[in-house]
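Here is a friendly walk through one protein model, written for someone who likes the cut-offs spelled out. Have a look at the sequence and the structure first, and then read on.

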Amino acid sequence: MSPSEPETGARSGSGPRARSRPGVWPRLPAVEIDRRALTRGSLYGLAVIAPVSIGVEVLDAVDVLSRGPVVFVPALAILGAFVLAGFQAARAARGSPYTHGALAGLASFTAWLTLRMATHLVFGERLLGKEGDTTFTVVLTVATVALLSMSGGILGGLLGGRDDAGGPA
């Protein structure tokens, strides 16, 4: 390439303007978020999480969950709720199934957590965690479940983002 030809960005990957202005990154395309799709997905997820959560409270009160692998059944049901939230959001959205799936899973978890904290506040109980849990344990648990909700939502987005022909969207 001669010095008089403008650089097309094929070699540098950032175009001629970024080369003349160091530290300036090219603009990335924006992702449009469909709020109706997110609402739909998060409500589907919440519709599964709420009854499972109530069931866990009942089973915990009669001390069933402390006996062996029974505790994994509600955990799998809640993970399935996050997948369902992502699936429904991806089906309702026009594009970006993974983004909509992750956000719908996170929104369903956030809605459940808000309802859970509100009920604990009304009954005068500790907002999060059990007696003896440190703040670090509670924060770590919430962050872990938030990441799991987004992961389940992405998996649901993968499943919901497929077109009718069976291929990826």
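What share of the contacts in the protein with a separation of 6 or more comes from residues 24 or more positions apart? The share is 70%, where contact means heavy atoms within 4.5 Å.

A word on the ground rules. This is a predicted model, in which local features need pLDDT of at least 70 and side-chain atom pairs count only at pLDDT 80 or more, while totals for chains, interfaces and linings use all residues. Residues are numbered from 1 along each chain as its sequence is written, and side-chain values use heavy atoms, with hydrogens and water left out.

## Overall layout

The protein has five helices and zero strands, which gives the pattern α-α-α-α-α along the sequence. Helices (H or I, at least four residues) and strands (E, at least two) are DSSP runs, numbered from the N terminus. Of the 169 residues, 26% count as buried. Buried stands for under 20% relative accessible area and exposed for over 50%, with partly exposed in between (1.4 Å probe, protein chains only).

## How the helices pack

Two packed helices are described by the angle between their axes and the distance between the axes. Axes here are lines fitted to C-alpha atoms, for helices over the stretch in contact, and angles run from 0 to 180 degrees between N-to-C directions.

Helix α3 and helix α4 pack at about 135°, with their axes 7 Å apart, and they are therefore oblique to each other. On this scale, angles under 35 degrees count as roughly parallel, over 145 as roughly antiparallel, 65 to 115 as roughly perpendicular, and the rest as oblique. The α3 and α4 crossing is right-handed; a crossing has that hand if the near helix is turned clockwise from the far one by less than a right angle, and is left-handed if the turn is anticlockwise. The α3 side of this contact consists of Phe82, Ala85, Gly86, Ala89 and Ala90, and the residues they meet in α4 include Gly101, Ala104 and Gly105.

On to α4 and α5 (residues 135–160): their axes come within 7 Å and cross at roughly 140°. That makes α4 oblique to α5, and this crossing is right-handed too. Among the α4 residues that meet α5 are Gly101, Gly105 and Phe109, and the α5 residues they face include Val145, Ser149 and Gly153.

## The nonpolar core

Which residues make up the largest nonpolar core? Its eight residues are Leu46, Ile49, Ala81, Phe82, Phe109, Trp112, Leu113 and Ala146. A nonpolar core is a set of buried Ala, Val, Leu, Ile, Met, Phe, Trp, Tyr and Cys residues joined through side-chain atoms within 4.5 Å. Helices α2, α3 (72–92) and α4 each give two or more residues to this core, and α4 gives the most, with three.

Phe82, in helix α3, touches residues that include Ile49, Ser108, Phe109, Val145 and Gly153, not counting residues up to four places away in sequence. Ile49 is in contact with Ile78, Ala81, Phe82, Ser108 and Trp112, leaving aside its neighbours within four places in sequence. Ser108 belongs to helix α4 and, with the same exclusion of residues up to four places away, touches Ser42, Gly45, Leu46, Ile49, Phe82 and Ala85.

## Accessibility of selected residues

| Residue | Relative accessible area | Class |
|---|---|---|
| Ser108 | 0% | buried |
| Phe82 | 3% | buried |
| Gln88 | 10% | buried |
| Val56 | 23% | partly exposed |

Gln88 sits in helix α3 and is in contact with Arg40, Gly41 and Tyr44, leaving aside its neighbours within four places in sequence. Val56, in helix α2, touches Leu65 and Pro74, not counting residues up to four places away. The C-alpha atoms of Val56 and Pro74 are separated by 7.0 Å, and the two are 18 residues apart along the chain.

Arg116 and Glu57 form it, at 2.8 Å from N to O. This pair links distant parts of the chain, with Arg116 in α4 (residues 97–123) and Glu57 in α2 (residues 35–61), 59 residues apart. Arg116 is partly exposed at 22% relative accessibility, and Glu57 is partly exposed at 37%.

Notes: A salt bridge is a side-chain nitrogen of Lys or Arg within 4 Å of a carboxyl oxygen of Asp or Glu.
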